[in-house]
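Please look over the structure shown here before reading on.

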There are 2 protein chains.
Amino acid sequence: MSREKLVVIGGDAAAMTAASQVRRGRTDMEIVAFEKGNYVSYAACGIPYYVGGLIDGLDKLLIRTPEEFQKRQDIEARVRQEVVHILPNEAKVVVRDLESSREYEEPYDHLLIATGARAVRPALPGIDSQDVFGMTSLDDAQALRERLEREKPKHAVVVGSGYIGLEMAEALMRWDLDVSIVGRAPQLLRSLDPDMGALVSGALADEGVHLYLGEAVTAFEETAGRVSAVVTEKRTLPADLVVMGMGFRPNTDLAREAGLPLGLKDAVKVDDHMKTTLERVWAAGDCVETVQLVTGRPFWASLATVASKQGRVAGTNIAGGDASFMGTSGTVILRAGPIEIAHTGLSEADLSCDEIPFVSAKVDTRTLARYYPGSEPMSVKLIAERGAGRLLGGQIVGGGGAAMRINVLATALQTRMTIDEIARLDLAYSPAFSSVWDPLLLAARQLCDRC
Amino acid sequence: MSREKLVVIGGDAAAMTAASQVRRGRTDMEIVAFEKGNYVSYAACGIPYYVGGLIDGLDKLLIRTPEEFQKRQDIEARVRQEVVHILPNEAKVVVRDLESSREYEEPYDHLLIATGARAVRPALPGIDSQDVFGMTSLDDAQALRERLEREKPKHAVVVGSGYIGLEMAEALMRWDLDVSIVGRAPQLLRSLDPDMGALVSGALADEGVHLYLGEAVTAFEETAGRVSAVVTEKRTLPADLVVMGMGFRPNTDLAREAGLPLGLKDAVKVDDHMKTTLERVWAAGDCVETVQLVTGRPFWASLATVASKQGRVAGTNIAGGDASFMGTSGTVILRAGPIEIAHTGLSEADLSCDEIPFVSAKVDTRTLARYYPGSEPMSVKLIAERGAGRLLGGQIVGGGGAAMRINVLATALQTRMTIDEIARLDLAYSPAFSSVWDPLLLAARQLCDRC
């Protein structure tokens, strides 16, 4: 009798977390993961720090190799094997070996689709140049870092004003380049409200990053086979290299072809157990639509935290357990130059779209007691439901120690706390860590007065 | 017609927060605060950092002077005026002017008792020496700092192994002294469980602090009118100066004499509106008994956060509003040498006393992604109700960025979250701030398996 078999499409956070979780629950099951790239289970979020030189070797970003998966967990992870079709009626996938181009079929008892997301890469003139770098794989990262070390380029342009764009701009600044960010959106980090986004723009401009916002890139100009400039709707910027950071979209061509219903941004629809509409077919990670915890509405974001949690839930259920994923408040944290940025829940723009009545308050205060060395400016913005006072979202921009306070707000969102309850929180105080009234308490108090 | 009048006994956090809050609600009321010391509204928690040289001038710790209270808020703060009796039947207090020793009566319509806490100072031989420093007033702080600057002492002994003792030991280490901590308790920071306390002891020992725990001080030996050694039950330690950090007790002689019922550690009993049993007499801050939020049982701690919140509640109510203080989970945070420490809620020892069945889990992990520069060890211990899984307490010891995570646990305690709910939290991740599975999530997950 052959072993029951799980096939996983993908080899990163959701895929390998699920595989590991299945193995914890089921020592008997055969587990095979197909990854079209060269690596499985790598820390994609660490790429900007490798490019920036904060991390020496690319190997530091490899969490676990296929050999380790095999040896420690009896999980077979096959790299450079691309699943090209799902045949749900036959309970099989068709796999292409990217070395030999040979195709073969692999039957499954359970299938997990964890195909992730792909970077947005518009078909602009010049985009296929060797000087235009994507930022999704370790290979991309290595190529960019080698370029920085070898050619000492002078002008870099980052296309995209979201968090990947910011992290990449910071990485490039470490190489003493002249760095520009070009973005179609009118501000950096669109998930922040404009007043908070302006704090980020101000800090980056102080660092010497040139910002060209509200203008789209139209072409990459080439001279003698190399990129020499980025052309926008309004200007031409000199560029020796370009980094694309225009965000991601769910990678769901396979799922669509297999007949799975797609939702927001064409992400695969799943239930709270990560089950698709097809029998014994599951999906998790960046390729699925999830739920915004605050509103209960469909939501999509490319977040390692969400992918890992969903992978764990899928794995538990595939192994015969019972776990659910309730959604995400979309908590994001990042550092850009000298400042920390975080947000969770909904922004004023989100709420205006959803037509939910809200009030908001922004306080400009400090990370630590004013007299304590290293105390830096910090702004907190809280948004609550008008009347009922339930917290709907929070945004933080500030110096060292500011951003991790977002976790209190993420906790408050999950437990549906009101602003009044937040104002009472017994948050920690010592001059080396905070002020007696933590900035979150001050913001909540101010918002109470408006609710 | 004379103005309605509030008399406040005390001039620090609870007292002046209440006075300010009354003024916000009632522009007409006369407000007089009597402070027996030289200063009002100072940052007592900043004293160790002034002593340690991290803060230049004592003036940095003065939040607001009597002149500023008068000018900005029409609040009269009289320093060096000690209230020596409360006469509730006559609605008066008797005040002694410490300059002239003259006594006078002051009538009140409302009275707020905010007499704070006093340092424990046992009647040991030699304790009145000029070389044995208390650590409760700015005058103490100034005297100690001058001594450190002028005499360059070699050996310092801190008596007391609680958080004041630790902060003072750290401050003294900055002066390149040989520093010892002597404490009667068998471990540092008794509010931590022994396994977590051991991490703190280890880190301090690595820094070169000598720890003599589980032994009481019996005398301060003097030679030619100066302290030369600290004598314990087990040994004699050379000492040029001694800092007392044996903790605090509620300062409630006045309240007792006035007939107010006292509770835990002789703290004044109040209701959730900070009202005492006497008509128009309120009390707030370190002098009152409060409620442990987790158990609902009586609790006392000397915490600036609690005093400030209680002062605000008392002030709102005195002004005719309606506010309540629900209790505290006893959140504490501090830095000792290179490590950060925080706890909230109940420890295993607390729970054993209260006979509440519990389970606990401790995880040893890291502050940041393992590959990110500056990632340091971090341990989290969570304690939950056996069966139901409700969080009862949390403790954190670790490197930079570890301790402020306690605020998530304080929030979880207030909202009565279960370990299972904590394990689902959408906490922030970026390699520069955390690991994909935040240490809190890992600890909660591990505890789920035991519940």
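Buried area is the accessible area, taken with a 1.4 Å probe, that two parts lose on being put together, summed over both. In this predicted model, chain A is divided into domain 1 (5-118 + 249-318), domain 2 (132-246) and domain 3 (339-448). Between domain 1 of chain A and domain 3 of chain A the buried area is about 540 Å², and carbon and sulfur atoms give 60% of that area. On the side of domain 1 of chain A, the residues that lose the most area to domain 3 of chain A are A:Leu293, A:Val294 and A:Arg297, which together make up 75% of what that side buries.

The C-alpha centres of these two domains lie 35 Å apart, and their contact takes five residues from domain 1 of chain A and nine residues from domain 3 of chain A. One salt bridge is counted between them, and the side chains of A:Arg297 and A:Asp354 meet in a salt bridge with an N to O distance of 3.1 Å.

Chain A also holds a salt bridge between A:Glu340 and A:Arg335, whose closest N and O atoms are 3.1 Å apart; A:Glu340 counts as buried at 4% relative accessibility, whereas A:Arg335 is partly exposed at 23%. In chain B, B:Arg78 pairs with B:Glu106 in a salt bridge, at 3.3 Å between the closest N and O atoms. Because B:Arg78 lies in strand β3 of chain B and B:Glu106 in strand β6 of chain B, the pair ties together parts that are 28 residues apart in sequence.

Terms used:
Residues are numbered from 1 along each chain as its sequence is written. Chains are lettered from A and ligands numbered from 1 in the order in which they are written. This is a predicted model: local features need pLDDT of at least 70, side-chain atom pairs count only at pLDDT 80 or more; totals for chains, interfaces and linings use all residues. Side-chain values use heavy atoms; hydrogens and water are left out. Domain bounds come from an automatic or database domain assignment. Contact means heavy atoms within 4.5 Å. A salt bridge is a side-chain nitrogen of Lys or Arg within 4 Å of a carboxyl oxygen of Asp or Glu. Buried means under 20% relative accessible area, exposed over 50%, partly exposed in between (1.4 Å probe, protein chains only). Helices (H or I, at least four residues) and strands (E, at least two) are DSSP runs, numbered from the N terminus.
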